[in-house]
Amino acid sequence: MSQATATMQQCIENCQHCQTTCSQMLTETCLVEGGPHVQQDHVKAMLDCVAACQACVDFMSRHSAFHDRYCGACAEICRVCADSCQQIGGMDQCVDACRACQESCSAMAA
């Protein structure tokens, strides 16, 4: 496997993990905890992150010539989501998944 292919595969895996983690945290933590966990901006950031990760997986999986653009946007969205989750507190799994995805998507966008 070439380095480029390995890097893309790792990014796909990070995006999938981030998508799953954010979805689970939203439904199993945020909706249960309420309060700041369900503030509109926070929920939107999480939903945007889930959608962006799915789009990146789709574009990278088919080796689209546009995957770098989607990865750049995903990196920014993951940063916003991680920052929001960190600020809310008690969402370390989401923060870690978003930061890993942000890093790999940034590399794919470069």
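Colleague: Which side chain does the side chain of Ser-104 make a polar contact with?

Modeller: The side chain of Ser-104 makes a polar contact with the side chain of Asn-14, at 3.2 Å, where a polar contact is a pair of N or O atoms within 3.5 Å, one able to donate a hydrogen and the other to accept it within protein, and where residues adjacent in sequence count only if both atoms are side-chain atoms. This is a predicted model, in which local features need pLDDT of at least 70 and side-chain atom pairs count only at pLDDT 80 or more, while totals for chains, interfaces and linings use all residues. Residues are numbered from 1 along each chain as its sequence is written, and side-chain values use heavy atoms, with hydrogens and water left out.

Colleague: Is Ser-104 buried or exposed?

Modeller: Ser-104 is buried, with a relative accessible area of 11%; buried means under 20%, exposed over 50% and partly exposed in between, with a 1.4 Å probe and protein chains only. Ser-104 is found in helix α4, residues 92-109, helices being DSSP runs of H or I with at least four residues and strands runs of E with at least two, numbered from the N terminus.

Colleague: And what does Ser-104 touch?

Modeller: Leaving out residues up to four places away in sequence, Ser-104 touches Cys-11 and Asn-14, a contact being heavy atoms within 4.5 Å.

Colleague: Switching to Ala-52, where does it lie, and what does it touch?

Modeller: Ala-52 lies in helix α2 and is buried, with a relative accessible area of 11%. With residues up to four places away in sequence not counted, Ala-52 touches Cys-74 and Ile-77, and its C-alpha atom is separated by 9.7 Å from that of Glu-76, 24 residues apart along the chain.

Colleague: What about phi of His-63?

Modeller: Phi of His-63 is near 55°, which is a positive value in a residue other than glycine. His-63 lies in the loop between α2 (40-61) and α3 (67-88), and it is exposed, with a relative accessible area of 56%.

Colleague: Zooming out, how many helices and strands does the chain have?

Modeller: The chain has four helices and zero strands. Its radius of gyration is 14 Å, close to the 13 Å that the globule rule gives for 110 residues, so the chain is as compact as a globular protein of that length; the radius is taken over C-alpha atoms, and the rule is 2.2 Å times the number of residues to the power 0.38.

Colleague: What share of the residues is buried?

Modeller: Buried residues make up 44% of the 110 residues in the chain.
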